[in-house]
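Please walk through this structure step by step. Start with the chains, then move to the details.

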Amino acid sequence: MHKLESFALSCGSKISKPQLNQSYYPIKEDKYIVFCQDSDSPSKTYDYFDDIIFHIKPYLDKKNIQIIELPSKDKTPLFYCNRYPDLTYNQANYVISKSMLYCGNMNLHTHVSALLNKPSVTLSNYDYIDTYKPYWSNDKKNIILFKNQKNKPSFSSQEDPKTINQVHPEEAASKILNLLKIKHKLKDIKTVFVGPEYNLNIVDIVPGSYDPSSLQLDNVCNIRMDKSFNVDFLAACQKIKKINIVTNQSIPIDILNSLKENIKQISFFIDKNTTQEDVSSLEFAGIPIKLMSKDSKNIADIRLRFLDYVISEYGQMSQEDLKPKTDKNLKFLSKRNIIMDGQVYNSYLSASQGKNTSSVKYCDDFWEDLPFCRIYKQIT
Amino acid sequence: MSKKKILLHSNHCRMKTGFGKHMKHLLSYLHNTGKYEIVEFCNGRQWNDPTLTTLPWKCFGSLPHEQNIIQEVNADPKKGRLASYGHYKIDDIIKQEKPDIYLGIEDIWGMEGFWNKLWWKKINSIIWTPIDSLPLLDKHDEATRNTSNIIVQASFAQKALIEKGFNNTHLMPVPLDVSNFHKLSKQKKEDLRKKHNLPLDAFIIGFVFRNQLRKSVPNLLDGFSQFLSKHPDSKAMLLLHTHWLEGWDIPRLLGEKNIDPKLILTTYYCDKCRQYEIKPFAGQDLDCRFCGAKKSQQTAQVSRGVSEGQLNEIYNLMDTYCHAFTSGGQEIPIQEAKLCELVTMVTNYSCGEDYASKDSGGLPLEWSEYREPGTQFIKASTDPTSICNQIETVYNMPPKTKSALGKKARKFVIDFCSIDSVCSRFDALLDTMEKSDWDFDFSYVPQDPNYIPPEISEDKLWIIDLYKNILKVEDPEKEEASGIAHWIHRLSTDQTRQSVYDYFRKVAIDSNTKNMTKPFEDLLDSNDKGRRILFVLPENKVDILNSTSLLKYIKDKYPDHNIYYATKPENTEIVLGNPYIHKVITYNEVMENFIWSEGQGAYEGFFEFVLLPNTNTNKNINYIHGNKHSIEYDLNHA
């Protein structure tokens, strides 16, 4: 039974069409589609809208179709979207009414676009769509995407891992382009792996001979002293307001004190050669310390030596974690930014090559990138 | 000239509680003066309880009688608690009776917020409240600052208030009927001991108490044990008049402290013949030696206890009285023991300060401080050595001295606590109060939190200016004398002008927020009574949009009716402008109670009927049906 039918039964009423009001809003775009990330709960929030846009953007550009993102609370803005952050409900209805298509989580706008007879692609976390889909929708025009599950729906506001994220971005992208009647080759794309940290927007700064004072960064940045131990560079990071130092050596206390206000945490990689004094010297600065070790072979001994501390095992991924063992057609996407030698790279693989790449290469540099990547296969 | 009208608010005078007895004595005394028009407003009784019409004065219960409010308070324990203290009917009784004087006799938290009510400072308002521990609560400060007269029952509480700069306090204990307690003749005392098989030469130390943890039983036993060690031939016995099945596990304590149980007496009461017997504790459900009934004797308890006359006999079996406690509001047994001319040993803290003093014929027990977890109140742990020493003092006291001290004790209680003494002082206080000239106009005068005071150097004038211009008090020196004195004191001790100004602004904002809300009826049209439909859907946005598809059918079916759509404020934009909705109103959870909406019995409610569409989707998800079961019949409406 649809939820609205239950409403009708509870009220002893029958169902007509809802009343929908619109208010004019000056839109500068001529042809556009609409995205919105609003949702009821985390389990109903899709995390890869940026990837959908990544796949459709080249095709939309060719047709001069732009993307408008409707306001949503507490969400990071999507890439390549124009935003009208102060739209009222009635103005949002107007914007949808003039659009070519709506894409988003299951929310009010999904129902509004169906009512306005607009094509839509909605991401969902469960398949009982007859109970919640827009009541006046057309199944061919208003597509709800979900991953068929063996289990019954969780009906939970929190899921880990999230069922909704099992819908691959290229599937949604493909449906959007189909509804827009734009020819595409997205059927040649297939996601094969999504790293557990893929959705994190991380900035790693590898110390070097460039000047860090020009970096204007708002989010927390990892200063990777373990990649290149450079105390002078660290001392020059005064303008970076949120720092997480990642190191495998102790750092002079005067440097730490000079940056104390900005440092949020020190992540210290320890091994069998690390001494108690190394750890203590970092502790003197009074900054939270997280101890980690990559030495899985000797982790028990290391933990015994540092019994008073919690030591996490830093598990690195390897070729074993990537199911297609060798494939020349694998591409990757990463939301991580690596700042090295004054350049911005999407991965340590790209940094090692001195230029950004999206092709997977089977090497140690890439296995470090793997947790932060979505890998897809593209048949050329 | 008409009589002053006084509204007395507390437990009902027929209730056998401390507050109930307080009301009984006070009401009777004031009634007999013939000077007052008296209205009793009693907690624990419903507004229109018919038994309340059989009193010599007007009487109303403070519990609401309106069905919709009863439903509301029954559903929420917090509201229930407020209702039990009269919060739902206090304004009604003031509006109806228009008293010159309001007297509330209750714990301070029972009256919380009354002092912010519009009428509070327009009439003479008095709070009579027990304070048994330090430090004072913020509520005490707030109440005292906003009330023209505060009456406390113990001098230590008055002292603490005065130290905080409050000069509007009075000391009056709960009035006590002194006629039942007195010293019996030597012969009668001996006869009583014989009746209960007690040795005539035994030295009996008594303690009458409800067996609660705040009574310091372990400390008393330790003190008694020390005394026995020092005076093994004293023939000392301890009479604990209490119920042994609650509070302290006394038999266990006796075992721990190695005290011979035969030396510990208690009172047994027979349900059948209503006689009592004093003897060592031997469990419950004993056979009565007076009437022969089987298993009819139990240790004395609140619900099945001895009469006042019998209790007087029990005091007269004692040679001295020892009251060790952590804190207390008044402790009536101490006063009863004093009336029986016993030398009383009392923990010298809380109300005990009054009864341990030399003037009261008492002997102080020393104590050390501990803090009550949670409240952080100071509590007293009575020193067992001090108990031992004072028992020894009485034991060794010459009979003449003992007798003189006993007489002093009785006189003190009669002077300090008797009905005549307390009520005449209260009557004198009422004489100082003028009849209220307020017109009982309850319309609210908005306060001005944005007022910026001019440069005024004198603190008093500056505070008066704040009262006048922020809180809109017409005559601050008359209505807010205690508040002005308090703030002058605070400015000279721990507050700055900025913090006082901020406080006044906050009070104004809170008051405006609370008082400028409209009554619900004002949200409805006045001319559509009997033609109103309430549609309630608090959230969510999708549901609200979809629900608008149901309104056409309802309106088509009831074209003369107005649909009021209730939802949360953040969702109103979805339904505004809907042609089938007459008015959008803010959702309140009480709307889901159909009795509130539609009425019951004599209560008419506000609407003809209420529609709750989410009944099967919100609290119980009763529509998904495994995504298998669908509706076959047509629900569509053109």
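How many helices and strands make up the secondary structure of chain A? There are 12 helices and 17 strands in chain A. The model is a predicted one. Chain A has 380 residues, and 38% of them are buried. Look next at its contacts between residues at least 6 apart in sequence. Of these contacts in chain A, 55% join residues at least 24 apart.

Now turn to chain B. Its secondary structure comes to 23 helices and 21 strands. Chain B has 638 residues, with 39% of them buried. Take the contacts in chain B between residues at least 6 apart in sequence: 62% of them join residues at least 24 apart.

The two chains touch. On one side are 28 residues of chain A, and on the other are 34 residues of chain B. Which elements of chain A give two or more residues to this side? They are helix 1 (3-11), helix 3 (89-97), helix 4 (108-115) and helix 5 (129-132) of chain A. Helix 1 of chain A gives the largest share, eight residues. By type, the residues on the chain A side are 11 nonpolar, 11 polar and six charged.

Next come the nonpolar cores. The largest has 106 residues. The residues with the most contacts inside it are A:Val34, A:Cys103, A:Ile176, B:Leu534 and B:Phe535. Leaving aside neighbours within four places in sequence, B:Phe535 is in contact with B:Ile563, B:Tyr564, B:Tyr565, B:Ala566 and B:Leu611. Another core, of 95 residues, lies apart from the largest one. Its members include B:Cys42, B:Cys59, B:Ile131 and B:Leu365.

Now find strand 13 (residues 320-323) of chain B. In a regular strand, side chains alternate between the two faces of the sheet. Are the faces of strand 13 of chain B buried or exposed? Both are covered. B:Thr320 and B:Cys322 are buried on one side, and B:Tyr321 and B:His323 are buried on the other.

Strand 13 of chain B has partners too. Strand 8 (residues 203-208) of chain B pairs with strand 13 of chain B in the parallel sense, over two bridges. There, B:Ile205 has B:Thr320 as its bridge partner. Strand 14 (residues 343-347) of chain B also runs parallel to strand 13 of chain B, and four bridges join them. Here B:Tyr321 is bridged to B:Thr344. Between these two strands, the chain passes through helix 11 (residues 332-339) of chain B. This β-α-β crossover is right-handed.

Helix 10 (residues 308-316) of chain B is the next stop. Its buried residues are B:Leu311, B:Glu313, B:Ile314, B:Tyr315 and B:Asn316. What covers them? The cover includes helix 7 (186-195), strand 8, strand 9 (236-241), strand 10 (264-270), strand 11 (276-280) and helix 11 of chain B.

Strand 7 (residues 169-171) of chain B holds B:Leu171. This residue is partly exposed, because 16 other C-beta atoms lie within 10 Å. B:Val152 is 19 residues away along the chain, yet the C-alpha atoms of B:Leu171 and B:Val152 are separated by 5.2 Å. Leaving aside neighbours within four places in sequence, B:Leu171 is in contact with B:Val152, B:Ser155 and B:Gln158.

Finish with the backbone. Most residues other than glycine have a negative phi, and most peptide bonds are trans. Where are the exceptions? The peptide bond from A:Asp160 to A:Pro161 is cis, with omega near 0°. A:Pro161 is in the loop between strand 6 (142-145) and helix 6 (169-179) of chain A. The peptide bond from B:Glu539 to B:Asn540 is also cis, with omega near -5°. B:Asn540 is in the loop between strand 18 (532-536) and helix 20 (541-547) of chain B.

Two residues of chain B show a positive phi without being glycine. For B:Asn197 the phi is about 55°. B:Asn197 is in the loop between helix 7 and strand 8 of chain B. It counts as exposed, because it has 10 C-beta neighbours inside 10 Å. For B:Gln376 the phi is about 65°. B:Gln376 is in the loop between strand 16 (367-371) and strand 17 (378-382) of chain B. B:Gln376 is exposed, because 9 other C-beta atoms lie within 10 Å.

Note on methods: Residues numbered from 1 in each chain as written. Chains lettered and ligands numbered in written order. Predicted model: local features only at pLDDT ≥ 70, side-chain atom pairs only at ≥ 80, totals over all residues. Buried ≥ 20, exposed ≤ 12 C-beta atoms within 10 Å, placed from the backbone. Pairing = 2+ DSSP bridges. Right-handed = clockwise from strand over helix to strand, strands pointing away. Contact = placed C-beta atoms within 7 Å. Nonpolar A, V, L, I, M, F, W, Y, C, P; charged D, E, K, R; others polar. Core = buried A, V, L, I, M, F, W, Y, C linked by C-beta atoms within 7 Å.
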